[in-house]
Structures are given as C-alpha cells and as structure tokens.
Amino acid sequence: MNDFVRMTAVELLQGYKDKAFSPVEVTQGMLRQISRCNPAVNAYNLVDEETTLQFARESEQRYHSGTTRGRLDGVPVAIKDVFLTPMWPTIKGSKTIDADATLGKEAPAIAALNRNGYVPLGKTTTPEFGWKGVTDNPVDGVTRNPWNPDKTTGGSSGGSAAAVPLGMGPLALGTDAGGSIRIPAGFCGIVGLKPSFGEVPHWPASPFGTLAHAGPMSWTVADCALLMNVLTEADSRDTNAIPRRNIDYSAAICGEPETLLKGMRIAFSATLGYVQVEREVEDKVRAAAHLLQSLGAEVTEVAPGFDDPLAPFGHLFYGGAANALRTIGKRQRALMDSQLVAVADKAAQLSMLDYLAAANERMALCERMASFHRKYDLLLTPTLPITAFKAGREVPEDWPSTRWPSWTPFTYPFNLTGQPALSVPCGFSSDGLPIGLQLVGRRFEDATVLRAGQAYQLAAPLTDQRPQLFTAGAAEGEQA
C-alpha cells in the first residue's frame, strides 16, 4: 500500500502523472488520517468529507481525460479558517461571526488554488481573529502540538501547522501578522514562509493592515516553493499587491546545496543583540550556520543593529486588534476571548500621534534593514528563542510578561519591515520538541530565502522524522 500521508505534494503530482495512484485514493487516505489524528490535536475545526471527495473525483476525471488544471491538480490542502471559502463558512474562531454571511465568497488564495485544481481538506483552527501566537478560541478550544499534545502549536496558524507533520495534508495555508506562520512552523517542525508584503494577494484587507501576510506551510521547502507559484497569481482585489513578476519559485531552488549557496552572504545572529535564547535552541541554529558555511556560503556573525521594536509593533498590532473589534458591541464582546477584548480596549485608547510615532519607528527599522542588506543577502536567526510550552496558555509558565510577543522577538520585526522570512526545521530539543531556524531576505527576494532554505534542508534533512502520533496512526491504518 502506498503511504500517501507521508508523501509531499511534489511526490503526489509525480504519482498522478505516472498513474501510480489517483487523487481519490490519496484524499481518502488523508481523510482517514484526519479521522485518526485530529481528535488528539484539534488541527481541523471543519471537515466535510463529501465535498472534499467531490473535488478529488473531479480531479481524477481530469487526469483520466488529459485535461489537468494548473500546478496542483489533485493535491490536498488544509485551509486556515480566516480564508474565505465559498463552500464552507469562515468563522475565525469567533462566536460573533454570522457563518452564513461568509458563504459564496472566495479569498484570492482560494481562487488561485481552485484554478490549479486543488482538493480542499477542511478548515484549520486559529485563535479568535488570529490575534495571538498560540491557538485556542471560544468556539473550537485548544489546538495541541503533534510532537507532544501537552504543548502548544504556537499560532495563529496553529491548526495548519499541526496538520502537516501528522500527514493530515501536505500543504497548508497560513497568515502572519507577527509571526503567525513562522511561530507554529518552528514549534511544529515544518516549513513556513512569510512572503514579502504584497507578493501574495490577500482579500479582504486584514484589520492588522500592512503587518499581515498570507503564505504557504509545508513539510518541505520544495513544496513551499510549489505552493508559492500558485499563491502569487494575480488578483486585482488586493490593492496592496505588487506587480506580478511571474517568478517560478520551484525552478529557483533547483540545484545542489553548494550551487544554491554559491556567492551568498549570510549574517548570523543568535540573539539580534538583545534576545535571551535557550541554550539548546542557540546550539542547533549555530550548527546550521556552520553547515551553511561549510557548503560555500559566506557566513558572518553580526547583529543587524536595531533595538527591540516591541513597543511600535505592539501599537500597530494591537491597534489592528481594536480595528477588528470596532463594530462589535458589548453584548457580543462578552462571547469573545476576554484577553483579545482586553488588548483591543487598551489599544483603542491610543492617540493618533501614538500610532504615527509607531509608524515612524517602523520606517526607521525598514531603512536600517535595507542598509544592512546592502552587505548581506540573508539574516539567519532562531525562529523562536524557546521550544513549545504548555498548551492553553498565552505565555510560558513563570514568564515575566503576560503577552505573546514577548516570546516571539525574532518574528515580529520582519512584519514591520515586510521582508520575506522562512522558518525551516533544524533539529530537536532533548525532550523531542522541534527547533526552527529563520532566514530573512531583502524585500521581494523571496527566491533567495527559499534557495538557502532548500540548500539547508537538502544537506540536513529531518523529513524522515515524524511525530509518534503519526506513527501510531499509520500503524493503525495498516492494521485496518
């Protein structure tokens, strides 16, 4: 029996082309895996098997008739429950949304996936309105880490991140306004890319403004590049989208590691000059920097030279949270995550000058990084300074701050700057939890970030290691 749930999207497409198996067989296998594994982690909040199988049957018919559609025909994809899907409601983890009013509408990412023949597996869990770096909400409860269900997945794309390692979909969609793709990618041991702002069209506009990005999550960098080819298709509804450049990201990452890294100048900073990092995390990321150097990259240990931009980020991000709640009345707010309401209420007291001062600091950071990247092609850091902590909490136990950005200092600076940033697994802690490295590039040089990530993953693959829950689920399926 082909173990479909272990296969990447690239491998599935080759199997379809070779007629080794069909989209219906693959989809059925992944739906079975969802049935087995999802109760332990709560990655999916909506699974509609009949609709999913109908998409798979239509794809299978296209393969039979030789009329395949686009780049992803028959490949199953998990969809974060903030993307509008015409056939399924989009409730964003909130009791305040009229689910029926969201039907019949389609986000640009979903429209692009549909043009390319995807098979939607279901909607994945998110904190309410995607407001925090962990995943729980008043409707769906807590989402748990596939490597240890007692631990958090991170967030806000935690459901998508939990699905991929367990074989509940090779590809997933996420959004990222402060780390929400990279945080759960780091905690769950997958690949996650926050593209350059404007590279992937997104609609409706996020209440978090230009901090918010949409992007791919996957088991491999190659699959991430494949999905980027689809997500970057033009959509006129996003007025912030940059002109289409028609980059073939899959072609951009072809080659051996030494070829991909030739001439690349990488700055490595384990702390950004101000972050306290767990020793195991720093050791793994430092080892990754040494490996990249051994493969031919020019690696220099140097900090980019900016102070922690937590304050301006907080004003802009929590101002976005207040914006998201601006039309929600007191009665409905009583149904919401109380901490979301608290930060939104506090941010609503900010003055226009407070907000503009934060925007000024943001611009200064953009200028600082633009100057830094005149010398260095990439900045390499840990994705996170810690490994996953107890599920159901916003911050680790005994943490000095009560808010999630305090433990995500490597991610939110690059939402302020709009740069591409990729998280790639680089090892495990002594207690078996994933550790990620982050690669940050110049704005609009997403291909460079993916090239370096591919070189690293080819040289130090961890893709044969799956969570124990995956193994138990696969064994159960084989016995059945």
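Let me begin with a right-handed β-α-β unit, which is made by strand β11, helix α10 (residues 279-294) and strand β12; a crossover is called right-handed if, with the strands pointing away from the viewer, the path from the first strand over the helix to the second runs clockwise. Helices (H or I, at least four residues) and strands (E, at least two) are DSSP runs, numbered from the N terminus. Please keep in mind that this is a predicted model, in which local features need pLDDT of at least 70 and side-chain atom pairs count only at pLDDT 80 or more, while totals for chains, interfaces and linings use all residues. Residues are numbered from 1 along each chain as its sequence is written, and side-chain values use heavy atoms, with hydrogens and water left out.

Staying with that unit, β11 (residues 265-268) and β12 (residues 298-301) pair in the parallel sense over 4 bridges, where pairing requires that DSSP finds at least two bridges between two strands. Within this pairing, A267 has T300 in β12 as its bridge partner.

Now to the charged side chains. Side chains of opposite charge can pair when their charged atoms come close. The structure holds 17 salt bridges, each being a side-chain nitrogen of Lys or Arg within 4 Å of a carboxyl oxygen of Asp or Glu.

Which parts does the pair of R62 and D73 tie together? These two residues form a salt bridge with their closest N and O atoms 2.7 Å apart, and because R62 lies in helix α3 (residues 49-65) and D73 in the loop between α3 and β2 (76-80), the pair ties together parts that are 11 residues apart in sequence. R62 counts as buried at 11% relative accessibility, and D73 is buried too, at 1%; here buried means under 20% relative accessible area, exposed over 50%, and partly exposed in between, with a 1.4 Å probe and protein chains only.

Another salt bridge joins K123 to D81, with 3.2 Å between the closest N and O atoms. This pair links distant parts of the chain, 42 residues apart, with K123 in strand β3 (residues 119-124) and D81 in the loop between β2 and α4 (108-115). Both K123 and D81 are buried. Salt bridges that share partners also join R265, D377, R442 and E445 into one network.

Finally, Q457 sits in helix α16 (residues 446-459) and is buried, with a relative accessible area of 9%.
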